Each structure stands twice: as C-alpha cells, then as structure tokens.
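Here is a short report for a first look at this model.

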Number of protein chains: 4
Amino acid sequence: MAEKVRVGVIGVGRIGKIHIENLCYGVPNAEVAAVADINVNEAKRWAGKFGITNVANDPMAIITDENIDAVLICSPTDLHAQQIIAAADAGKHIFCEKPIANDIVKTKKALAAVRKAKVKLQLGFNRRFDPNFQKIHTLVREGALGEVHSIKITSRDPAPPPISYVKASGGIFMDMTIHDFDMARYLAGSEVTEVYAVGSVLIEPAIAEVGDYDSAVVVLKFANQAVCVIDNSRKAVYGYDQRVEVFGQKGSATAYNKKPTDVEISTEQGVYTDKPLYFFLERYMDSFRMELCDFITAVTSNEEPPVTGEDGLHALYIAKAAAMSAGENRPVSIEEIEQSALTP
Amino acid sequence: MAEKVRVGVIGVGRIGKIHIENLCYGVPNAEVAAVADINVNEAKRWAGKFGITNVANDPMAIITDENIDAVLICSPTDLHAQQIIAAADAGKHIFCEKPIANDIVKTKKALAAVRKAKVKLQLGFNRRFDPNFQKIHTLVREGALGEVHSIKITSRDPAPPPISYVKASGGIFMDMTIHDFDMARYLAGSEVTEVYAVGSVLIEPAIAEVGDYDSAVVVLKFANQAVCVIDNSRKAVYGYDQRVEVFGQKGSATAYNKKPTDVEISTEQGVYTDKPLYFFLERYMDSFRMELCDFITAVTSNEEPPVTGEDGLHALYIAKAAAMSAGENRPVSIEEIEQSALTP
Amino acid sequence: MAEKVRVGVIGVGRIGKIHIENLCYGVPNAEVAAVADINVNEAKRWAGKFGITNVANDPMAIITDENIDAVLICSPTDLHAQQIIAAADAGKHIFCEKPIANDIVKTKKALAAVRKAKVKLQLGFNRRFDPNFQKIHTLVREGALGEVHSIKITSRDPAPPPISYVKASGGIFMDMTIHDFDMARYLAGSEVTEVYAVGSVLIEPAIAEVGDYDSAVVVLKFANQAVCVIDNSRKAVYGYDQRVEVFGQKGSATAYNKKPTDVEISTEQGVYTDKPLYFFLERYMDSFRMELCDFITAVTSNEEPPVTGEDGLHALYIAKAAAMSAGENRPVSIEEIEQSALTP
Amino acid sequence: MAEKVRVGVIGVGRIGKIHIENLCYGVPNAEVAAVADINVNEAKRWAGKFGITNVANDPMAIITDENIDAVLICSPTDLHAQQIIAAADAGKHIFCEKPIANDIVKTKKALAAVRKAKVKLQLGFNRRFDPNFQKIHTLVREGALGEVHSIKITSRDPAPPPISYVKASGGIFMDMTIHDFDMARYLAGSEVTEVYAVGSVLIEPAIAEVGDYDSAVVVLKFANQAVCVIDNSRKAVYGYDQRVEVFGQKGSATAYNKKPTDVEISTEQGVYTDKPLYFFLERYMDSFRMELCDFITAVTSNEEPPVTGEDGLHALYIAKAAAMSAGENRPVSIEEIEQSALTP
C-alpha cells in the first residue's frame, strides 16, 4: 500500500460530503482518490472544493479502480449489500454506512463475501466514537463501574422525518433505535439474548398509517444478566436528546447532552441554559471524523476495525426482535430471530 | 371536633417517632393525644420528650378512646388491615403507613370498612409530598409538558435490607417498587393497564435463596398510551438515587437527586460534588411532615385525602402484576390481576 | 445550671419569632423561660403558640430574672450595646443579633462588660452555620484546598430595603456587606489588613440622596497574603444570590445558590431550573437554628462561642474602612481605623 | 483582489502553525500563498503538509510580495510593531498577534502607519470569538441583561510559564491579564476609566525575583459606572479556569468552563465530572479559526475588523495602569497613563 490510503467515496449525499471533507482535512494517512455519484454534477462541485478531480457517475468505476485501496459506501441502503460484495470481490477495504441491509439473509451474504476476501469492513455506527460515550465505554471496560447491572439510553429526535422516509426505512427500530441497540452492545460488554418492545404513535398519526411507531420503549436482556432500557421519540421539542447511563456494582456514569455553550442566564423568569445541539450533524460531528481515523488505522495497521459487520448483524437481529415484540406484545429471544432467518 | 385534631399514634417505631415529632412541631391544628406500642417503655420515653403522657401498650386503648379524632397506624404491616377496620368501626379518621396489606382481599375488606364508616383514610405514600415530585406533578397537571408520552423513574437504595426483612416484605415489587408504582400513577394522570417486569439477583445471592430479586426493571403501560419505565436496585454505592423524568408533547421535566450541599470542589483529581442524601429519612424528611399536614387538613375541612385507600389498592395490583410478569416472563394486564382476586 | 438552659428572648420581631420557634422545636437543652417586647400583645400571641406564659414589656424584667440563664437580644440595633452591658452585669450569657453597635467605642464598651463578667457572648453571624459555607470552611481548615490564595463572595439581595431602613442602617457596608466581611474572615483563616471599596448607585436614585450606595465591590487584603473580592447589589431580579468561592494551592471550592427544587425543565424555549431561594429567611433557615444549637452548647459546656464579640468588632472595622475607602477612593488599612477609634 | 484572499504567514511557531492549518482547512475565501520563518526547515515541513511551497526565511519576502493581499504576523512580540509598519507601507492588510508592543509610543506609531495606509489591522484577541463569551456579548448588546452593573472574570492558568518567558513578557498584566482587559471592554460596552490592582507571589518565588506577580486581582471602573473584577492565577491545579459573569439590571449571565465530556460519575467517593479543558489550545481552538474567518470577511467586504489596533492600545493602557496601581497601591486613572505617554 502507498503511504496514504487511497479512498474512493461512493455516494456524495449529506453523509458522503461530510466524509469527504473529513478525509481531506481531518484524517491522517488518507486521501480521496475518487468519488462517484449518479448526480455527477453535484459530486464534481463538492469534490472540486477539495481538489479532487476523479469523479464518476458509476460506483463500479471506483470499485474496479486499481489505484483505490478502500471504498466508503454512502449510497442508499438498498445498494449497500451488493456494493459491499463487489468491493470485497475486488479486494477493497470497506467502510459502509449502516445498515448493511434491512434483511438478515442479504446481510449474511455480504458478510460472507467480506470474510472470503479477507478485507476489512467497518460499519458506520458513529456514536461509538462520540467522546461522551467513549468515556463511559472506557470506564466500563476498565472496571471502574464494576459489573454492569443496568443501562439506560435516551434517544429522541427533534422532529420526525418525512413520511416518505418512514415508509422506506424499515421502521423506527431499524432506522432509529438501531443506533441505540449498537450502543447497548458497545457499553454492556455482553450479548443481547431477549427483547421486549412497546411501540406507540403519539406524535404523528400519519406514521400509524404506514404501520410504524413514533414512540418506543425497549428492554434488552443480556447474557451477563444486565438489562438495558431504551426510550425513543421522534419528536422532543427541546431538541436532540442523546443520553446514556450505565449503572454497576461500583457506581454509575451518565452522559448528558452536549450544548452549544456553557452559559447560564438568570432572569426574573428563571435560570436558563442552552437547549441540546440540534441534531445528529451538530451533535456527532466529532464522531464522524473519528470513525474514519480509526478505519484508516485499521487498514494501515491490518487490525480488526472497531465496528465490524458482525456488529451490524447483531444490531439487525435486535431490531427484528423488537419489531416482532412490539407487534405481538411478548418478549422475543434473539435465538428465535436467528432460527427464523435460517428457515427459507 | 375540637379546635385541634386529636391524634392517637399506634406504633412508636422509626416512622412512628418521626410522625409524633412532626405532629408536635410541624403540623398545624394537630395534637398527639395518646400513643400506643407494645414496647411501652420506649413509647413513654419518646412521648415524654413532647409532653405526651397518655401512653398505652394496647392499640385498642387508642381506637376506643372517645377523645381521639384520628389514628396514625404505624404498626407492622400484618396488623394494618385489622386496625383500619377497628378504627373505622370506631369512627376514627385514619392515616396508615403503606401497604394496607400484601393481600388484595384483605385490602378490599379494609377499604369497605372505611367506606361504610365514612371516615377518611390516607395512605403513607409520602413521596407524593416531596417538593421535587410535586413540582413535576404540577407541571403535568397544568399542561406545561403537554400530553405525557413517557415517564422514567430511577429508584435505588444505598444498601440492601436485612434478609429477614426481605423474607417478610412480600418481595421487591411489594416493599420497594410499590412507591414507584404510586409515583407513576401520580405523575401520569392515567391508570396502568399492563405490566412487564424483569427481576434479577446481581448484588446479594442470599436474596435469591428467599425467592426475591435485588435488581428490577418494570415497564408500565397506561390507558392514555403513556409508558413508564422503573429501574430499581437494592444497592447503589453512591447512595439513595431517586430521580424522575416526565417527557411529553411540549417538553420534559427531570427531578435530580437532592444533596446535602451545593458545593463543588475542583482539584487535580477532578470536579466533585456531594453524593445524594443518604437514604429515605434524609431525602424525604419534608414529605413526612407535609403528608400529615394534608391529612389533618383533609380531616378538618372534610375533604378527600390526597392519597386514598384506592391508591393503595391500585399500587398493590401493579405490584402483583409485576411479580407475576417477572416470574412468567410475559406482560401481565391489571385486569388479569383484578379478575384473579375475585376467584376464591 | 438546671438541666436545660433557660433563655429569655428580648424583642419578638421577625427574627425574635424565628428564634423562639427554633428554641422550642429545634434546639436541644434549651427552653424559653420568658420573652419581652414593648408590643406586649403581639409577644403574648406568639409566645402562646409555644405555651410560654412569662411575657413582659420591659427587657429588664428578663435581664434581672434570677431564673434566666441566657438572653437573646433581638431588639433594634441601637439598644444592643446597653442591653449587652446590662445582661453581662446581671451574669447572663448573651446571644445578640449583629451588629453590637454601628460605633466602635460603644462596641468596645459592650465587649469590656462581657469580658469583665466572664459570660458568653455570641453574635448572630448566622451564615457561618449555613451547610454550604460550613463545608467550605471545613475544607479550608482541613487543608484540602491548601493555602488560600483568593476568595470571592457574591451577595445580592432580591430587592432593595425601604429607604427608611437605608437611612438608619449605617449604610450598605454596615447592614449588608458586614455579613460578607465576617464570611471572608471565617473562610480565610487570617485577619484583614486593608480594604479597597467601590460604591455606586445603579438601581435606586433615592439611595444616593441619603448618601448610600446600592452596588458595591470590595477588595480585602489578608495578613496571609490572600485576597478577597466581594460584590454586592441591592437588587438581583432573579432572587437572593449567595455564592462563595475559595481558591487555593490545591484546588477550589464553590458554593452555588440553594434552590427550592432540583427540577430541570426542557422546552422549546430552553432548559431551565428554579431561581434561588427568595431571600434570607428561606435561604438561611437552617443556619438560624444551628447558631442557637451551638450557642446553647457553648453555654452548657462552658466553651468559647463559635462567633464572638471580637468577630463583631473586626467586621465593624472592615465596614468602617470600606466606607472610608469608597468615599475617598483609596485603599484604607484596618490599622488606620483602629487608630482613629482611639482618638477621642 | 482575487477570488480568495492570498495570505502570507510570518512566523511558524505554535500559533503560526494553528493559523496555517485553519486557513487551509477551516477559513473560506483564504489561501496561504507563502510563509516565512527564520527556522526555514521547520517552516517547510509544516507548509508541506498543506501543499504550500512558497517558504522564505525573511519576512520581507512576504511583505514585499505583490501576490500577497494580507499578512499574519505571528513573530515574537518585539518584532510586531516594525512588521506592522512595513506591511502597512506595502499596502497589506494585517492580522497581528497581541500585543502590538509593550510600549505605548511604539504601539501608536504602528497604528499611525496603519491609518495612513488605510489597510485593515486586526489584533489577535481570540477570546472574543469563543462561543461562550460571544453569547454573553450578544446578550449584553441586545439588552437582555439590561444595563451592565458588574462583570467578573476568572482567568487562571494550569501552570506557570518558564521564568525566561516571565522575564520578557512585560509582566502578568501584560501577558496574561491583557486578554481579560480586552474581554472586560468587549462585554461592558463602555471604556475603562480607572484601575486598582493587587499583585502577589503565592505560587512561584522565582517570579518575585524577576519583579513580577503570579496572582492578581484587578478592579476596573467604566465610564458607564459598571465595575469589573478580574482574578488571575498562574496555577490552578484543576486546569485552565476561564469564566465570565455579567450582572445587570435585568439579570445575570455566566459562562462556565468547557470540559472534554459531559459525563458525570457517581461512586462511593462522590459525584464527579471532568476537569476543564487543559489550556488555551484546547479551550480556545474554535476561536482561533473564527477570528481568521472574520478577518478574511473584513478584508473581502471592506469592513472594520472586529478587533482593531485601538482595542490593542486600550488594553495596553489598562495593563500599564494595573502595573502602576499594584506597585504604588492606589487606584490609577487611564487618563494618567495616557498623559504620561505624551511626556517624552
């Protein structure tokens, strides 16, 4: 491999643009060698800002490019699995936005191709790279909290997505809670064995019409007896609410929301501080850069990436179990989901 | 009735002593006319501090005393129901520590006696009178948070009780979570319809031997579609953890722990504040006085007490449902519990 | 001395009433044997609530009463010195509201009488007994912060007093900052040597007309080289602002304001908490009880009271120096004030 | 002017490097056309990372380069004034690190050259661009706090600089408090009229030997009657302490320290959070980028820069007054300093 990892970026939408900027300005040992998007003009415009001249409209131009060491897959979800397979077959290392697919069988096929090709695959569960959650993860791993007894994850969006998005996303557990499922696994140091979920529509009636929920509570049981509770809402009027609490034998650690400033105002009406940072772009900006740094390091030092395809598969199992639990009003074991995926 | 409500206190243990002191020093329009305890010497010692001379060893001496307007029942739980019935029959107003009984049928009989005698009965769910939780209750009732979507209650003790207590208490849901069940009902403004509970033994193996749990997570569904999550632990090394969060359409309100001081210390090691107030006596001291003030007011102004016997019965239903849910690993409806109590 | 210290209370105004209630309900080993006030009817009304029957209109009735061990002087300031002298001559221990007098010579005469009679004299600098400030004092005394380098005291009232009060009070440094001067000495563990003060009228022009300030900043230099900065305002629209910060070689400790609840509310408008407790009665309620407990203990165990007449004299020196400094726009040494008081 | 402002950077030390990186990655409409440093190898190394090839060892190569629109002066302080004059004479816009000079006459000469050449000059008081302080500034400017009554600035370093730095820096008021003087002016919306300062050596005796202080308290009076108190220490063991509080007629706003994470940990020992971000590079990273964005905007839109040479001169007056006040133990007016600078 050359001195720098030559990266090709597939998909220059919102997240693709952020990744390109980070690779150019904030990730050591990487260079963006090419980008591809069906909207080739917009891709050229963005690439031009960073002096990137190799712009294609066909992702295969990148995947088959011998000068490219690694690809970033930022295309729509339904293309992820096939592009992973193609890239793996071409011997490229892969960073892919989550999820690999909304389907277990498809996901497994992609993982098999990666294993066979012995390339790296990192999944875009960026929240693991957030400084707040990393600190808690470190505390858990180093034993500062003792054995983990319970985890609480609060995850609320500032506003519901367009109904068109909800229709295609696979549902709240697949598009929103899936980040929390991964966070739970990341923090617990143990695998989820059973899921109980409650879903309701309290905010946007149109969401009920497409068969989804806008509010949810999920309880996860882990193999080590820890329990995690997740609460989700599509709409918190005060902004993006992203908190985590881990309680263990030796103590508790809580990550509060990040805010634009640390200013407190006292008036006749009360004592005020800022609302949380508005949404994921503001809240998790650091994490988007850090996940790429770690991906490039995994490639250059030939190590296991910090978030693997298996992590994606496990989160998918949990999401499937949650959807089934909410629909059937009963706890659903992960084993049941795994088994059902084996049945054609 | 005389100018002041003449109160007889039955049971001069830890909580009885607190009530006597509060009635003498902090509750307007009340006077302690008599106390009774089988340990009559200790009762005399405490009563003497407040100039109370009428001390008996038999509670019936109080219940049948024509000079007494109201009784405080602070005896062991298994005596509550029969003393409520005797007091009601004697026309006394009643303040009773929770629970009325660990048994639904017994509880209903006590409530029937109260209804028949048309006396007041207030149950000792003191946490409703805590300033933090009262503020949140007021916000909900006044609509400041809009429709309630979810409630989170964290309730952790600093240390597990003696195993002898656990054996007799009826289990964690009956002796500990029951306060949280009442809090959930108090804050939700709606009735619980279904319960899902997870119980585990993570702290004290001896607790498993007597068939109880030391850690629990409970999910409550309400008639108005709100969902409440309660997490309990018998042992938080940092002290008594008593927090509540209500999330609604218009915002969220969180009650944090109360601490001895508001001092923050910055050293080379970090930035420190106090641990929470150690346990319920420190944390809820105000609420023990306030519940009696409101009881006395209910008596003097002939109003419904702020916590009724029916509130006790509902909390008992939820506790029974939680125990069944944890044991059978399935959601249990309150209706199922109510029905089963009707079957002889 | 009898089992309990028999206390006579002189002056049944706002603070006298609080002291009577605390002595009856919250101070062990004390009993209120008599009270006196020129408004004898109001004194009888309040005393009656606590079963106190010995009510006089002449304070000398208390001072000369052989059954009385100690007097609480809660009369107007201009009577303090003469009542201290009379009580000392009669062999009574004395708790006196601050200040002893606005005049140094008068103050010294009262202290001389106390010394001669060998009775206890405690001055009502109640803030020393506030749990926040006590914690910081303990940290300093135990060396947890190392050598003290600087102290910051913020002390702002919610609203200015009536202009009639300002006229008679001796000025902002004498009636308001004097508490902060005592706090500074209490925390520094060293004596003030020099004072620089700035006074201005930013809130209430009528205060300028009577020759006083409504806003002030004072810098104190201590013998141990520490420096204290005090900032005062007669009007903080958000309520009573009472904070202290001590910075030393090994760290810093800050006491924030106390609030009615620990509830945080998040809405579309922002994240807000309670305003501070409104004023000194709410904020310092605990301290009023604790100072009497310690006074009674000093009497019963024949120890030096925790706040002495000398403490009052030192605070008075500082207040005089501050007033001179603000008027003449120069640093003024305590020595200069002490010397000038010796000159007839 | 070309599409982008072509910037030459003079001095590639610690701050010069940060500015180069920001100009390349974080400042729109700017490009680094050349850099100069006597250590030309290190300059080449750094420039190379950003593809900058024009590297000189003589700053005049930049100042006289016709392709350059603006210079960033990041050289040692004693070169600032002459480089400003040379750059102004060459018609370049100038961004200069603070201070222009430690000498008033020299400073005025530089400002005169800038005025004559009608170029822009922005001074590197970067803290004005910190989001915390900007928010408070906005609140003041918009009147949300009403008339400003008092300002408190806490500014403590984590560790004292090397004694060699202290010797050359002009003293604590010139190298450290000068940032706070500018902050005070920025927030007050009024000019300082008088200064009272206390300096002491409590941390590092060697600092006394070179005639400087390591601890200071400064009181500033403003034309609008507001008062500002600044407290400085060369060593806060818990890290870089940078707080500001503005108190006014309608309320108060406080900027607390920024911390690496928002995680709170509760253990048997206490409840603790992170220490503040360690020092100015961590704490003020955003502000270094923002000040350059605004400088480039001032150049491209031909507007007054947000921090002018006059701002630098005023801060210098205050620093001189503070040094004199601390030395002579008396308040010193700014007018006195201005007058004395006119006397040869």
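In this predicted model, the contact between chain A and chain B takes 35 residues from chain A and 35 residues from chain B. About 2,900 Å² is buried between these two chains. Carbon and sulfur atoms give 61% of that area. Three residues stand out on the chain A side: A:Tyr196, A:Leu202 and A:Phe247. They supply 19% of the area that chain A buries against chain B, more than any other three residues.

Charged pairs also cross this interface. The count between chain A and chain B is 6 salt bridges. One of them joins B:Arg156 to A:Glu245. Polar contacts link 12 residue pairs across the interface of chain A and chain B, both residues being at pLDDT 80 or more.

Which elements of chain A each supply at least two residues of the side that touches chain B? They are the strands β7 (148-156), β8 (192-200), β9 (215-222), β10 (227-233), β11 (241-248) and β12 (251-255). The largest share, 5 residues, comes from β7(A). By type, the residues of this side of chain A divide into 15 nonpolar, 10 polar and 10 charged.

Chain A also meets chain D. Here the contact takes 26 residues from chain A and 26 residues from chain D. The buried area is about 2,000 Å², of which carbon and sulfur atoms give 50%. Between chain A and chain D there are 2 salt bridges. On the side of chain A that touches chain D, α1 (14-25), α6 (131-141), β12 and β13 (263-267) give two or more residues each. That side divides into 12 nonpolar, 8 polar and 6 charged residues.

| Chains | Salt bridge | N to O distance |
|---|---|---|
| A and B | B:Arg156 with A:Glu245 | 3.0 Å |
| A and D | D:Lys135 with A:Asp274 | 2.2 Å |

Now take chain A by itself. Chain A has 14 helices and 15 strands. Its radius of gyration is 20 Å, close to the 20 Å that the globule rule gives for 344 residues, so chain A is as compact as a globular protein of that length. Its C-alpha atoms fill a box of roughly 60 × 55 × 45 Å along the principal axes.

Last comes a helix in chain D. Helix α13(D), residues 309-328, has 20 residues. From first C-alpha to last it reaches 29 Å, close to the expected 28 Å. At its start, a side-chain oxygen of D:Thr308 comes within 3.3 Å of the backbone nitrogen of D:Glu310. Just after the helix, D:Asn329 takes a positive phi of about 50°.

Terms used
Residues are numbered from 1 along each chain as its sequence is written. Chains are lettered from A and ligands numbered from 1 in the order in which they are written. This is a predicted model: local features need pLDDT of at least 70, side-chain atom pairs count only at pLDDT 80 or more; totals for chains, interfaces and linings use all residues. Side-chain values use heavy atoms; hydrogens and water are left out. Helices (H or I, at least four residues) and strands (E, at least two) are DSSP runs, numbered from the N terminus. The expected span of a helix is 1.5 Å times one less than its number of residues. A polar contact is a pair of N or O atoms within 3.5 Å; within protein, one must be able to donate a hydrogen and the other to accept it, and residues adjacent in sequence count only if both atoms are side-chain atoms. Contact means heavy atoms within 4.5 Å. Buried area is the accessible area (1.4 Å probe) that two parts lose on being put together, summed over both. A salt bridge is a side-chain nitrogen of Lys or Arg within 4 Å of a carboxyl oxygen of Asp or Glu. Ala, Val, Leu, Ile, Met, Phe, Trp, Tyr, Cys and Pro count as nonpolar, Asp, Glu, Lys and Arg as charged, and the others, Gly among them, as polar. The radius of gyration is taken over C-alpha atoms; the globule rule is 2.2 Å times the number of residues to the power 0.38.
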